[in-house]
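Please keep the model open beside them while you read.

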Amino acid sequence: MNLEKILSISGKPGLYILKVQTRTGFVAESLSDGKKITVNLKSNVSLLSEISIYTYEGEKPLAEIMKSIAAKESNGPAISHKEDNATLAAYFKEILPDYDEERVYPSDIKKILNWYNTIQSKGLVVDEAPVATETVEAAAENEEAVAEKPKKAKKVKE
C-alpha cells in the first residue's frame, strides 16, 4: 500500500491524491468524487505517509497500521468509523496492541478507519509485489560492474 501521494487537507472533507505541483501550490484530486482542486501553499496539508500513531515504545507509521488492517480484513473493508468508541478501541487494540490509549483519541481511530475504508473502496489497498531475488542480484552485479570500471581522468585547464 503506497500512501506517498495521498493527502488530507485541513478544512476539506475526505482524502485527495496529489496530481501536479504548481508555483503557488498544487492540484489535488478528490478520492470521493474525482473533482480536482487547487491548493495553495498556505493550506494545512498532511501526507498520509508522514503520519504516525503513538505507541508505548515510540511512534508507528500510518502505512504499517493500514497494512495491519488490510491483513486482518484480507484487503477488505474495516469496521465502520461510526461504531461506538468502545468497539472502535477494541478493534484498534487488535490492530495495534501497544497503542498509547492516553494520546490516541477515539477521533483519531475514527479518522484512521475512515481513511482506510476510503482507500480500500478505491482499490488502493493492494499487496505490494515482493521484489524478485533475481532482480536484486542483477542490480547488485550491475553496481559491482560500474564500481570496477576505471574512471577517466579529467583534464584541467590552466
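**Notes on the sheet, the cores and the helices**

1. Strands here (E, at least two residues) and helices (H or I, at least four) are DSSP runs, numbered from the N terminus. Before going further, please keep in mind that this is a predicted model, in which local features need pLDDT of at least 70, side-chain atom pairs count only at pLDDT 80 or more, and totals for chains, interfaces and linings use all residues. Residues are numbered from 1 along each chain as its sequence is written, and side-chain values use heavy atoms, with hydrogens and water left out.

2. Now the sheet as a whole. It is open, has five strands in the order E4-E3-E2-E1-E5, and its pairing is antiparallel; two strands count as paired if DSSP finds at least two bridges between them. E4 and strand E5 (45–47) are the edge strands, each pairing on one side only. From one strand to the next the twist averages 45 degrees, where axes are lines fitted to C-alpha atoms and angles run from 0 to 180 degrees between N-to-C directions.

3. On one side, five bridges join strand E2 (residues 15–21) to E3, running antiparallel, and Tyr16 has Ser30 of E3 as its bridge partner. E2 and E3 make a hairpin with three residues between them. On the other pairing, E3 is joined to strand E4 (residues 36–40) by five bridges, again antiparallel, and Gly25 has Asn40 of E4 as its bridge partner. The hairpin of E3 and E4 has five residues between the strands, and Gly34 there takes a positive phi near 80 degrees.

4. Is E3 buried or exposed? Five of the six residues of E3 (residues 25–30) are buried, so the strand is largely enclosed by the rest of the structure. Buried means under 20% relative accessible area, with a 1.4 Å probe and protein chains only.

5. On to the interior. A nonpolar core is a set of buried Ala, Val, Leu, Ile, Met, Phe, Trp, Tyr and Cys residues joined through side-chain atoms within 4.5 Å. The largest one has 26 residues, and Leu48, Ile65, Ile69, Phe92 and Ile119 have the most contacts inside it. Helix H1 (62–72), helix H2 (85–95) and helix H3 (106–121) each supply at least two residues of this core, with the largest share, six residues, coming from H3. Apart from this core lies another, of six residues, including Leu7 and Val39.

6. Not counting residues up to four places away in sequence, Leu48 touches Leu3, Ile6, Leu7, Ser8, Leu15, Leu62, Trp115 and Ile119; contact means heavy atoms within 4.5 Å.

7. In H1, the buried residues are Leu62, Ile65, Met66, Ile69 and Ala70. Seen down the axis of H1, they fall within an arc of 140 degrees, so they line one face of the helix; the arc is that of the directions from the helix axis to the C-beta atoms. These buried residues pack against strand E6 (52–54), strand E7 (59–61), H2 and H3. Ser74, which follows H1, has a positive phi near 55 degrees.

8. A polar atom of the Asn117 side chain lies 2.8 Å from the backbone nitrogen of Ala78. Asn117 touches Pro77, Ala78, Ile79 and Ser80, leaving aside residues up to four places away in sequence.

Note on methods
Buried means under 20% relative accessible area, exposed over 50%, partly exposed in between (1.4 Å probe, protein chains only). A polar contact is a pair of N or O atoms within 3.5 Å; within protein, one must be able to donate a hydrogen and the other to accept it, and residues adjacent in sequence count only if both atoms are side-chain atoms.
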